[in-house]
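User: Hi! Could you walk me through this structure, one question at a time?

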Amino acid sequence: MPPADPAIIARRNQLATGLRAIVGKEWVISEESERAPYQCDGITAYMAMPLLVVLPASADEIRSILLFCKKHSVKIVPRGSGTSLSGGALPVEDGILLGTARLCNILEVDPLERIARVQPGVRNITVSEAASPHGLCYMPDPSSQIISTIGGNVAENAGGVHCLKYGVTANHILGLEAVLMNGDVLRLGGNYLGAAEGGLDLIGVLTGSEGLLAVITEITVRLSPRPETARVLSMSFPSVDAACHCVGAIIGSGIIPAGLEFMDRKVLDAVAPLIQETFDANTAALLICELDGSKAEVDALVQTVTAIARKESALEVRASTSDAERERIWRSRKLAFAAIGKICRDYYCTDGTIPRNRLPDVLAKMAVFSEKYGLDYANCFHAGDGNLHPIIMYDSRKPGDLEKAEAFGADVLRTCVDVGGVLSGEHGIGVEKRDLMTHQFTATDLEQQQTLRCAFDPTELLNPGKMFPTPCRCAEFGRMHVHNGQLRFPDVPRF
Amino acid sequence: MLSHIPQKLLENPDIALSGDIIGNCVHCGICLSHCPTYTVIHNENDSPRGRIFLIRDMYEKGGAPDAKTVEHLDRCLTCLACEAICPSGVEYSKLIGHAREYVEANYTRSHWQRAVRSTLEMLLPRPELFRLSLYAGKLGRPFRSLFSGTIRAMLDMVPKNPLPAKGNINKPGLYATKETRKKRVALLTGCVQNTLDPAINDATVRLLNRHGVDVVVARGAGCCGAPAEHMGDEDKALPYVKANIDAWLREADSPEGLDAIVINASGCGTSVKAYGHALRNDPAWATKAARVSALAKDITEFMTTIGLNKPAIETGQRVVYHSACSMQHGQRITVQPKALLEEAGFEVLDVPEGYLCCGSAGTYNLLQPEIANELKARKLKNLKSVHAQIAASGNIGCITQLADEAGIPFVHTAELLDWATGGPLPPAMTERAH
């Protein structure tokens, strides 16, 4: 992370007074003991004590906070519910943590336009709950959907089990309101499908920008009809390879399942005691495939997928015949990470995404890395879209173990990129994958991305230290960028 | 989550256990979604995940915790919605319980706070004193607008209507069934409940007797110890716990034996079911306490095992069932009460946001009136939204918290089951009929 500025830290009390004038006394948290619980998000391996925690209640307050921070050169880290798995909301010691939890109102649900207009602190699941009386729902469903916020989902372009068929967050955002560092309020798109068409795709730019460009203050999301019915297939395979080939065969046949998940034997063994089920001794991997749509369509698809699985040497194929059974089959997948948490002290889960036909090669490589670092691992991931979630087990009490786990994860991510994939499918880059960006992108790519960032936030005060391995090169765009007392590229002639 | 608790503190088995529990938390944040205080305050410090952090830091630093840490731990309702939803199985109840004991042992509260807490600890477990204090409260009630905070909350809690006359189940002894005897159980008559609403115990005993169950009120059994325990005062709670264990095991070891210890206040039930944990490190008591915990059953759990008689009357009213936190989260009883009510002929409706606490939470509504009132208003709004004719719950605390403003009769589940199977109309419904 960039070194903290002691001069800013020394002004903590003075800055707190200024911010209290904006949001009210109790919504600026300055006591050390109360700042401590904000030290990390969903990854406890990275922690930093925020300068102050500020919890505004309106977009106006957010705007005033940004202007105040710009005036005093104070960094800002935006945060929703703090569930990021890439350290996206990791605080900086010389910056405020800007929490959106109090902006939690659903402003409008319009079933005719099939939209919901919400504040950024609204929890993902509550959008679907509010839309449910109209037979509608909000499709993107990250595992954290019960608590993660729509603002955070937009910042990270969150995915979820059903994004294979229905798309990620970016495919469901129709309008955004965001505040820039200079206090400008940006309104993009609007309350109907296609509202943003015709102009530059700035909604696409802001979705997945990880809080580096602007603070999002309002979101219009697309609502979709709830699928009429859904059935789940549980398919066991004698080898990881066979399961991987089955994934390719299903997708290749033209079927787009609502979800297609992979669990290896280690995960099954960890889950078994929690769900009081045993898995056949010959099972090396399990696929869970959800099919949804009208009843006739789903019943037909179940037969097709069953036939494909049998052809790909599945040991057993079980299709749910009731919602209760469907829940039961999903339970093993939903409990997977918690179950792994019970068999090891700590685990580190990363998020590379690869072309589906390379699944067998990459999974084989993981076994090699496991040997190299002497750390056990398990696999449980979104197979349908090649989104890997290798679970690397380590013990944080053992010195050096975390570093080994990180190196293991980095090797996996580099492999993902090498086979034509990307560093992240849904968790974002944050700090976790920041230093690997140079492996996926060339210097020119990164420069272009930085240029875009500077167009939104030339101050570089928004979520610094995330996503980009090096600071911005705004100097070339009319402002001298001095870093650690040194101009970047001092030998380059400047005009 | 990693913790570095000093070795000296880890010698305390409760703190060592806390360290292990903290280690199980992966900081995923799922618990925040069901936490009532986070829902109304939106501050991480007032969430389970935040409190786990605060507790970890409190032990890591050792010594006296700071005022802010205590403030946030005090705000926890101990509703245990977080524990029920945690995917990693973090035993938050044990963590917060031990943290409260640590706070009481190491932190000096203001004179005022100490006075309030010891008054509650003294009054609640003693039915006669509690009754007297309610009379005193009635004299003070007209002046309640002059007060704020806890005093105001106490005066608000005093029932507006005249206190009910004492019930039938007010002394130890056997309340025998007139049917063929199938089972024999002990009933925890509760301390607060028997004063505020004696009809609940009357209905419970009638219901059990009608189903061929002998009911014993064991001599020497009294308050379950929860009021003191909620305030972190284990030393004051344990004498109650031990007295109950002795009283019930005397019955269990008698020739007639005991099939269960039936509890009809889920707050007390959660507490009795945790006796085994509370005394696990006391060799003289551990086994006995575990036996009592294993025998403890909520009235609806017990009725489910013996089966409900066919309804004697046609009911059919729309009943909104409010599941107390101690019922759904503490004891994880979610199916039985509703299934029994349906069997008895009622149409059963859920409260939206049913996982959220109503703010009663033992003595919480007296100690944290502001948050409690916000939660109460939210619960009442949700409760009214389903347009039921009757509200039912299995915990006297919730009934007291909500009955006055629910707009419909608020009764105990056992009262409805009693009525449907041949008992009298619950008094709360009679009053309304008049």
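**Chain folds, strands and contacts**

Analyst: Happy to! In chain A, 69% of the contacts with a separation of 6 or more are between residues 24 or more positions apart, where contact means that the C-beta atoms, placed from the backbone, lie within 7 Å. This is a predicted model, in which local features need pLDDT of at least 70 and side-chain atom pairs count only at pLDDT 80 or more, while totals for chains, interfaces and linings use all residues. Residues are numbered from 1 along each chain as its sequence is written, and chains are lettered from A and ligands numbered from 1 in the order in which they are written.

User: What is the radius of gyration of chain A, and what does the globule rule give for 495 residues?

Analyst: The radius is taken over C-alpha atoms, and the rule is 2.2 Å times the number of residues to the power 0.38. Chain A is as compact as a globular protein of its length, because its radius of gyration is close to the rule's value: 23 Å against 23 Å.

User: How many of the 6 residues of strand S17 of chain A are buried?

Analyst: Helices (H or I, at least four residues) and strands (E, at least two) are DSSP runs, numbered from the N terminus. A residue is buried if 20 or more other C-beta atoms, placed from the backbone, lie within 10 Å of its own, exposed if 12 or fewer, and partly exposed in between. A:Tyr377, A:Asn379 and A:Phe381 point one way from S17(A), A:Ala378, A:Cys380 and A:His382 point the other way, and all are buried. S17(A), residues 377-382, is therefore largely enclosed by the rest of the structure, with a buried count of 6 of the 6.

User: How far apart are the C-alpha centres of domain 2 and domain 3 of chain A?

Analyst: Domain bounds come from an automatic or database domain assignment, which places domain 2 at 106-225 and domain 3 at 229-337 of chain A. Their contact takes 4 residues from domain 2 of chain A and 6 residues from domain 3 of chain A. The C-alpha centres of the two domains are separated by 30 Å.

User: Which strands stand at the edges of the open sheet in chain B?

Analyst: The sheet has 5 strands in the order S1-S3-S2-S4-S5 (chain B), with mixed pairing. Within this chain, strand S2 (residues 183-188) and strand S4 (residues 260-263) pair in the parallel sense over 4 bridges, with B:Leu187 opposite B:Val262. Each edge strand has a single partner strand, so one side of each is left without a neighbour in the sheet; the two are S1 (173-175) and S5 (296-298) of chain B.

User: Last one: which helix gives the most to the side of chain B that touches chain A?

Analyst: The contact takes 23 residues from chain B and 25 residues from chain A. Helix H4 (48-61) and helix H5 (67-74) of chain B each supply at least two residues of the chain B side. The greatest contribution to that side, 4 residues, comes from H4(B).

Technical notes: Two residues are in contact if their C-beta atoms, placed from the backbone, lie within 7 Å. Two strands pair if DSSP finds at least two bridges between them.
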